[in-house]
Amino acid sequence: MKAVVTNAKLPGCLEIGEAADPVADSNQAVIEVTAFSLNRGELRRAETAPGGTQIGWDLAGVVKTAARDGSGPGQGARVVGFSRRMQGWAQYVALPTVDFAVIPDAVSDNDAATLPVAGLTALYALERCERLLGSKVLVTGASGGVGYFACQLGRLMGAEVTAQLRRPDFADMVRATGVSDVVISADGAALEDRGKFRSIIDGVGGQILSKLLSQLDERGRAILYGVSAGAETGLAVRDLMFTGDGRVEGFHLYRESEIETAAKGLDRLLALLADGRLTTHVPVTGNWEKIGETAAQLIGRDFAGKAVLTI
Ligand SMILES: NC(=O)c1ccc[n+]([C@@H]2O[C@H](COP(=O)([O-])OP(=O)(O)OC[C@H]3O[C@@H](n4cnc5c(N)ncnc54)[C@H](OP(=O)(O)O)[C@@H]3O)[C@@H](O)[C@H]2O)c1
């Protein structure tokens, strides 16, 4: 079959090449992929993976062969899922039935394909926080794949969401999520007068994070899921100490989706998409032959939100 594979010599380090057809275990269905979305994390891995490595977490498609153990939907079901083995950007993929969900009629494959990594990360990171209703939540990197969903889901959970982003040209898109406050500030300095936050959902890391941690409220939670600006930061120990029970927590989607299956989390997000309470932002679409150039655009942050390619 054809599949997206790594090639460090090409733009985006990716091309369409050949891969072996998937062989399904008894708890896995074979899905014929129709669309997939790109994430920063897998593209970063593509830069260092050996040539010819398959890649891709998020995909939507149609069940070609149902799982032999009887779990999951039958042949022909339209589904969206998450390939833990990163083999999702291919004509076919075998996925455990706990890692995909049926797409409701009202939701397109393209919209569904944006959900797995970005939507589940936003959902589970927020659900790590406590007492969201009526409390202040800061979402950093709000123009990113995860940040955009976190703004909407935080609001749906009843929080008063402040969105941080660095570029004014993406502010309208973030404002449209219904957040209470949008702060444009690359280094976080403009957030200083916004007071304390009960929860911080951070995907930016780097030096901005050390500043923001001093704005964590008493018994606050900072959930660190990403390092778009850098993997090292300073820690204001005194500020953290005086929060009493303030916590800085690591987050990893693989671990989180052992607590609730991706299938269940995706069901919840798909229901919100179907009734219009959650929206996607997909400024870049096209045929998967554009994989190299689209990956390079995402790494270069030429657009906000998600890119979806179709097979
Ligand atoms: N732990 C996990 O399980 C998990 C799950 C999902 C994602 N992640 C990680 O989370 C991070 C975000 O993922 P994503 O898919 O949302 O990425 P994305 O779509 O590329 O968004 C990145 C966001 O960070 C901002 N940003 C990038 N570089 C910055 C810098 N130097 N200073 C300030 N802001 C900067 C971007 O702003 P602009 O729009 O202005 O460029 C954008 O808002 C990545 O590190 C990814 O690997 C981890």
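The legends below describe close-up views of a predicted model. Residues are numbered from 1 along each chain as its sequence is written, and side-chain values use heavy atoms, with hydrogens and water left out.

**View 1. Helix α10 and its buried residues.** Helices (H or I, at least four residues) and strands (E, at least two) are DSSP runs, numbered from the N terminus. Helix α10 spans residues 291–299, and I291, G292, T294, A295 and L298 in this helix are buried (under 20% relative accessible area, with exposed over 50% and partly exposed in between; 1.4 Å probe, protein chains only). Seen down the axis of α10, the buried residues fall within an arc of 165°, so they line one face of the helix; the arc is that of the directions from the helix axis to the C-beta atoms. These buried residues pack against the strands β1 (2–6), β2 (14–18), β3 (28–37), β14 (284–287) and β15 (307–310), and against helix α1 (40–46), where contact means heavy atoms within 4.5 Å.

**View 2. The crossing of helices α3 and α4.** The axes of α3 (residues 115–127) and α4 (residues 145–156) come within 8 Å and cross at roughly 45°. Axes are lines fitted to C-alpha atoms, for helices over the stretch in contact, and angles run from 0 to 180 degrees between N-to-C directions. The two helices α3 and α4 are therefore oblique to each other (angles under 35 degrees count as roughly parallel, over 145 as roughly antiparallel, 65 to 115 as roughly perpendicular and the rest as oblique). L115, A118, G119, T121, A122, L123 and L126 of α3 make the contact with G145, V146, F149, A150, L153 and G154 of α4. Its residues divide into nine nonpolar, four polar and no charged (Ala, Val, Leu, Ile, Met, Phe, Trp, Tyr, Cys and Pro count as nonpolar, Asp, Glu, Lys and Arg as charged, and the others, Gly among them, as polar).

**View 3. Helix α3 against helix α9.** The axes of α3 and α9 (residues 262–274) come within 10 Å and cross at roughly 95°; α3 and α9 are therefore roughly perpendicular to each other. From α3, L115, P116, G119, L120, L123, Y124 and E127 meet A262, G265, L266, R268, L269, L270 and L273 of α9. This contact comprises 10 nonpolar, two polar and two charged residues.

**View 4. A20 in the loop between β2 and β3.** A20 has 63% relative accessibility and counts as exposed. A20 and Y92 are 72 residues apart in sequence, and 9.7 Å apart in space from C-alpha to C-alpha.

Definitions and conventions
Predicted model: local features only at pLDDT ≥ 70, side-chain atom pairs only at ≥ 80, totals over all residues.
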